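Have a look at the structure below.

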Amino acid sequence: MEKEQKKLAVYVHIPFCAKKCGYCDFLSAPATGQVREAYIRALRQEISAFAERNRKALLDYYVCSVFFGGGTPSLLFEGVLGGILGLLREKLIFREDAEITVECNPNTLTTKKLSSYQRDGVNRLSIGLQSADNRELALLGRIHTFEDFLLSYRMAREAGFSNINIDIMAALPGQTMDSYAKTLGTVVKLKPEHISAYSLIIEEGTPFYERYGERDFGGLDGKPSDECLPDEETERAMYQLTGEILGEAGYSRYEISNYAREGKECRHNICYWNRTQYLGFGLGAASFFDGCRYCNVGDLTSYMEMAACGKPVCKKITRLSKKDSMEEFMFLGLRMMCGVSESDFSRQFGMGLFEVYGEVLKKHVSLGLIKVRDGRVSLTERGIDVSNAVFCDFLLDG
Amino acid sequence: MDQNRIRNFCIIAHIDHGKSTLADRIIEKTGLLTSREMQAQVLDNMELERERGITIKAQTVRTVYKAKDGEEYIFNLIDTPGHVDFNYEVSRSLAACEGALLVVDAAQGIEAQTLANVYLALDHNLDIVPVINKIDLPSADPERVKAEIEDVIGLPAQDAPLISAKTGVNIEDVLEAVVHKIPAPGGSENHPLKALIFDSVYDPYKGVIIFCRIMEGTVKKGTPIRMMATGATAEVVELGTFAPGQFLPCDKLSAGMVGYLTASLKNVKDTRVGDTVTNAQEPCSEPLPGYKKVNSMVYCGMYPADGAKYPDLRDALEKLQLNDAALKFEPENSVALGFGFRCGFLGLLHLEIIQERLEREYNLDLVTTAPSVIYKIHKTDGDVIDITNPSNLPDPSEVDYMEEPIVSAEIMVTTEFVGAIMKLCQERRGNYLGMEYMETTRALLKYELPLNEIIYDFFDALKSRSKGYASFDYELKGYERAELVKLDILINKEEVDALSFIVPEATAYERGRRMCEKLKAEIPRQLFEIPIQAAIGSKVIARETVKAMRKDVLAKCYGGDITRKKKLLEKQKEGKKRMRQVGNVEIPQKAFMSVLKLDED
């Protein structure tokens, strides 16, 4: 009997950028051409070795999405990503209409690169704009201006890309409601298919943490300055405004921070929230495969040495228990506006959603943070604001 | 050893005048320890004491001194605690001695505790030998201090040894003074056994170790003994004397000697400090007088942060009680905090020390409620009851009137700060009794103060308002009628019993307002709005609101690193576990203690 083929997503991490931004805590840094070449070699070795070890198992999967993330994958010379894609196609079964995304930054795209992406089958671009205000971009430490972005975006359209995401950020240093509204308006006019609108998070270990981490809003000696972070109220108001402006322009929010025109939701991201399995290749990349979560080593030298020997490059494997899986099902699924389905839960775990989480659901429904409708459980608007506090309660004791 | 060659004495001093350092030097000079063996302060062997620089537990040590007359003398040096909270422990130690060395700082002169300790020593008929310490200090003025001792205390001080315990200068003079100015003990070794318990420690192998001074008679291995107050009987298993840092077993202890006994006593309640040990078969006619009954002055609730640790807390308190006759406790339970104990202490320092020992030595995580004094409640039906826990106060309709404990306080301060200190006492509802000038630059202020007003932070306030120059001593005077009310705190409309206070009616509004402010700052925002109210009976007198949590959302997804996201959620959940659930509200443990520190801001 023929087995049903299972969905699989692939993430490829490119840990290089032109210049590290002050807020960025992803595994990424500038590097010389030599290092980049060596890394791509290691990456290919990792992919080949993995495919070799799991040849039989992989026959049951088809790839529905590939995402080149970073860092700045568009920094690489033309043909490099295509080479990796070619290798993936050789080792894995691809679905005809697989979504293939490259994360790009303005000032790294050229017409040559864009047409090579087209040839290689890349069908989606995700471009990091962050803000349409040049002063805010400078405070963030971005290497580009809004005009640079505009040029890249037009080049991409001219090259034939019909599925483009633009990344923007709220709660930036020096940002006001007005300037953020302007960014939103400007982006909407460009009519991208997808918009990711994140709030800036000040992560420990970044230069921004030094500056903004200890103080509430980053004002010096308690005095507000025009480089301050917006306060919580403003940040939430910005979030509301995002929904309003983008909603009017025909984008619907399908996840806490993601907005799309109908049918243009990012399939790759949805895989994460739906707990579809995925393979992560490259430095520090995470995978979810065969009931386990894996995390690759984060040290470049060790990664390259291990990959060169054809050894697995993961440093951590967590086998998920049923409890872990149920928890994930909830706190990942609830990030999506459509929420989680009762029937999916009972099909996957053989227990009713209300049997496991009855008390918690009751509490949050009565607090107005969660709604239950038509067999689906989802966050309310207010629930989104405090979603971490809600998710915490879905972690089971013991 | 001939009784004439024994000297039982202690050292009394104001805090920081160098008592422990002098004890170290005496031990060193009497040669039982080499310099190499000396720790910085031999007597203070408890970790906590070293850190705080004060002696909590009375300890005793026996050394041998070869005097200038060529004879060897046994010195039993009994260490005494140095804080006003521990007056009772001081008195126990004093009763075991014939004399006391009075250490006075050559620069600072007499302080409030110097006087208090001298009066206590005189109460026990001790011979007092003044010693002037810290003569190496540039600001030392030994002649002025000598004059002060003679004028203020009335002790001859012209030939007082002038020493520096720190550098070791003239320690020999002190040793000779002990031999010549402190009398040898009396008592007959042929009389029936009569020994005073002045301390005891619990040892997991030997059981209770009793520290005692033999007043009359003799005790040997195998002697059947009886504690006269508790009636407990046992047979002596081991006995001996105190070498520095260790027990030194011997065959017998007789009248005039100081030593220890073990008798396989496991029950801590059998060896009450202050009791008289006698021979069970040949008892003395009556117990020794002189030990004051210890009274707890300050009470608070102590609860394990983890309810399952309740038995551990009980065991730890029992063990501490053995070493600390002043500690009292009894089970109680609180709606907010679950099962715990209402504990009685000599004062706030004593409370803090016990709390720290429970946390450090017994690894317990505690929630401590606001300290309270003992109030006398005169009910309308004529009954008078003592209340140590504000939440046990009867309904106001059943209360005729209330009384609170009042202390007589003596505050010594340099004249420039008299105004500031008088203002402080006024704020604390003090009743001015008078002022005496000790000399031109220093005055002794006398006040009556409600005990309740000094147990929180009076000492700190005193120090800060006098730039550290004021010293303070007090004793319980009695009870006085006061207009008091019970102030309740309601969090999210529910009364939190552990936060109830009894306060003077006149300051209730202010206190309630500040408690609400403080709690607002301590309670983290939660998913819903939380009203915090202060109320007297059903009347709300102050209110604050902890606004609902505005934002707690992770915008991004860290690529596919779900494990990282889950860790963040787990950490957040762990933080919630460390809080106390009262109704729907999570209250951090430190909030219960923070309401005491209203004066810090």
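This is a predicted model. In chain A, ring pairs join A:F329, A:F345, A:F349, A:Y357 and A:F394 into a cluster. Searching the whole structure gives 28 aromatic pairs over all chains.

**A ring pair in chain B**
- B:Y65 and B:F75 form an aromatic pair that is tilted. Their ring centres are 5.4 Å apart, with 40° between the planes.
- This pair links distant parts of the chain. B:Y65 is in strand β2 (residues 60-66) of chain B, and B:F75 is in strand β3 (residues 72-78) of chain B. Ten residues separate the two.
- B:Y65 and B:F75 are both buried.

**Arginines over rings**
- B:R5 lies over the face of B:Y73, and the distance to the ring centre is 5.9 Å.
- B:R511 lies over the face of B:F501, at 4.9 Å from the ring centre.

**A threonine in chain A**
- A:T101 belongs to strand β3 (residues 94-104) of chain A.
- Is A:T101 buried or exposed? It counts as buried because its relative accessibility is 0%, and buried means under 20%.
- Leaving aside residues up to four places away in sequence, A:T101 touches A:V66, A:F67, A:F68, A:R124, A:L125 and A:S126.
- One of these contacts is A:R124. A:T101 and A:R124 are 23 residues apart in sequence, yet 4.5 Å apart in space, C-alpha to C-alpha.

Notes
Residues numbered from 1 in each chain as written. Chains lettered and ligands numbered in written order. Predicted model: local features only at pLDDT ≥ 70, side-chain atom pairs only at ≥ 80, totals over all residues. Heavy atoms only, no water. Phe/Tyr/Trp six-rings, centres within 6.5 Å; stacked < 30°, edge-to-face > 60°. Helix = DSSP H or I, 4+ residues; strand = E, 2+ residues; numbered from the N terminus. Buried < 20%, exposed > 50% of the residue type's maximum accessible area, 1.4 Å probe, protein only. Lys NZ or Arg CZ within 6 Å of the ring centre and 35° of its normal. Contact = heavy atoms within 4.5 Å.
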